[in-house]
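Here is a short briefing on one protein model.

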Amino acid sequence: MSLPSFQLLRPKTIAEAVALLAEHDREVKIVAGGTDLLPSMKQKLFTPPYVLDLRGVSELRGIRDVAGQGVEIGALTTLSAIEHASIIRKDYSVLYEAVRTVASPVLRNMGTLGGNVCLDTRCLWYNQSLLWRKSCGFCLKKDGDLCHVAPGGKFCWAAFSGDTPPALLCLGAEIEIVSSHGVRRTPLSEFYVNDGIVRLRLAPNEIVTRVFLPASAAGWRGSYHKLRIRGSIDYPLAGVAVALKMNQDRVADARVAITAVNPAPHLVKDADAQLIGLAPDEGLAERIGEMAARTAKPLTTSALTPEYRREMVRVFTKRAVVACAN
Ligand SMILES: Cc1cc2nc3c(=O)[nH]c(=O)nc-3n(C[C@H](O)[C@H](O)[C@H](O)COP(=O)(O)OP(=O)(O)OC[C@H]3O[C@@H](n4cnc5c(N)ncnc54)[C@H](O)[C@@H]3O)c2cc1C
Ligand code: SF4
C-alpha cells in the first residue's frame, strides 16, 4: 500500500497548470486535496508518471459573492471552508447540509470542492488493494475484461459517490473548465456520464476551475439525507438532496437529486412538475420518494444490498421534502 513513484509538478498559476497538462497529456493525474486520489494510487488503481499538484494555484481558492449573480467557489476551496461560509449556510442550505456530511472534519480540511465534483466512481470490486484485485480477478474498470457485479455485460456500474454534486444539481450550478485551448462553462447537469468508467465530460488536459451557484437559487430551502455505514466518516451508499423555493406554504420551484445509486448523480425527472403550486404533505412527499426510488438503479457495488439502498432513497426523499416544507 505504498505510493508508486511519480514526478510531482507544482504550477503556481492556472496558465502554468494547463501548459503542464498539455505537455504531459495522458501521463498525468491532477491532485487537489488528494483524499481520494492518493488512497487509489496506493491501491495501484492509478500509477501515473506525473502528478500535477494544484495546491500552489492560489487563484483557484475562495468563495466570492458576486452582486446580483450568485456565488463563485474556486475548485481548490476546501469543503471545510464551504461548510463554514455564512453565505452558503444562509443562502444555499442544501449545499451546506451536504458538504458537512462528507467524510470527517480532517478529510474536509484537505478535500476540495473540485475533487468532490470530479470524484472517481466506487465499487466493492475496484476500491481494493492490487493483491485483493489480483486474487479475485480484475474487472472492466481496471485491467480486466468482465464485470463482477453484472457478469456478461460490458458496462461498469460503479457508483458516483460524492455528496456535494446532488446539492449542486438542485441549485442549478454551473462549472468552469479550463485547458490550453481556452475556457468553457457548462451546467453541472451536463458534466456527468452515466458510465462508471467514463464518468465525466472532462478531457485529460482540462481542469475544473470554478463552481457557480446562481443568484436565482439563493434562499431556496434545502435538505440532504445520506446513508452510510459509519456515521462519522463514510462515503454515501445512497444520498438525496431536495431544494424547494417556497411562496408562503406553496412550492414555487423545486429540484430533487440523488447520488451513490447510479454511475452518475441524477436530478429526478419531473419532480418539479409534481411539486410546483402545491403545499407539500406526507402524501405528496411519498410520491416524490417513489419517483426518486425509480431513478435509483443501485447494483451490488457496496456492502449494503441494492434493495435496501433503493428503499432508503425513497424514505430519505420523503423525509427531505417534508423537512423543506416545514
Ligand atoms: C475515509 C474516506 C471517507 C470519505 N468519505 C466521503 C464522503 O462521505 N463523501 C464524499 O463525497 N467523499 C468522501 N471521500 C472522498 C474525498 O475525501 C472527498 O470526495 C473530497 O472532496 C475529494 O477532494 P480532494 O480534493 O481530496 O480530491 P483528490 O483526491 O485530490 O481528487 C479526486 C479526483 O478529482 C480529480 N480532480 C481534483 N481536483 C480537480 C480539478 N480541479 N479539476 C479536474 N480534476 C480534479 C483528481 O484527478 C481525482 O481524480 C472520502 C475519502 C476517504 C479517504
Ligand atoms: S461495476 Fe463491474 S466493472 Fe465496474 S468497478 Fe465494479 S466490478 Fe468493475
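The points below cover cavities, a pocket, a helix and a strand residue.

This is a predicted model: local features need pLDDT of at least 70, side-chain atom pairs count only at pLDDT 80 or more, and totals for chains, interfaces and linings use all residues. Residues are numbered from 1 along each chain as its sequence is written, chains are lettered from A and ligands numbered from 1 in written order, and side-chain values use heavy atoms, without hydrogens and water.

**Cavities**
- The structure holds 2 cavities of 30 Å³ or more.
- A cavity is a set of points on a 1 Å grid over the protein atoms alone where a 1.4 Å probe fits but cannot get out; lining residues have an atom within 4 Å of a point.
- A volume is the space filled by probe spheres set on the points, which are joined across faces, edges and corners.
- The largest cavity holds about 80 Å³. Of its 13 lining residues, Cys123, Cys139, Cys147, Val149 and Cys156 lie nearest the centre.
- That lining divides into 10 nonpolar, 2 polar and 1 charged. Nonpolar covers Ala, Val, Leu, Ile, Met, Phe, Trp, Tyr, Cys and Pro; charged covers Asp, Glu, Lys and Arg; the others, Gly among them, are polar.
- The second largest cavity has about 30 Å³. Its lining includes Trp157, Asn262, Lys297 and Arg309.

**Second largest pocket**
- A pocket is an open set of points with protein on both sides within 12 Å along at least five of seven lines.
- This one contains about 160 Å³ of space. It has 13 lining residues, and Glu59, Arg61, Arg64, Glu72 and Arg210 are the closest to its centre.
- The lining has 6 charged, 4 nonpolar and 3 polar residues.
- Strand S5 (70-74) contributes to the lining, as do S4 (63-66) and S10 (207-214), with at least two residues each. S5 gives the most, with 3 residues.
- Strands (E, at least two residues) and helices (H or I, at least four) are DSSP runs, numbered from the N terminus.

**Helix H1 (14-24)**
- Ile14, Ala17, Val18, Leu20, Leu21 and His24 are its buried residues.
- Buried means under 20% relative accessible area, exposed over 50% (1.4 Å probe, protein chains only).

**Asp53**
- Asp53 sits in strand S3 (50-53) and is buried, at 2% relative accessible area.
- A polar atom of its side chain lies 2.9 Å from the backbone nitrogen of Arg55.

Methods
A polar contact is a pair of N or O atoms within 3.5 Å; within protein, one must be able to donate a hydrogen and the other to accept it, and residues adjacent in sequence count only if both atoms are side-chain atoms.
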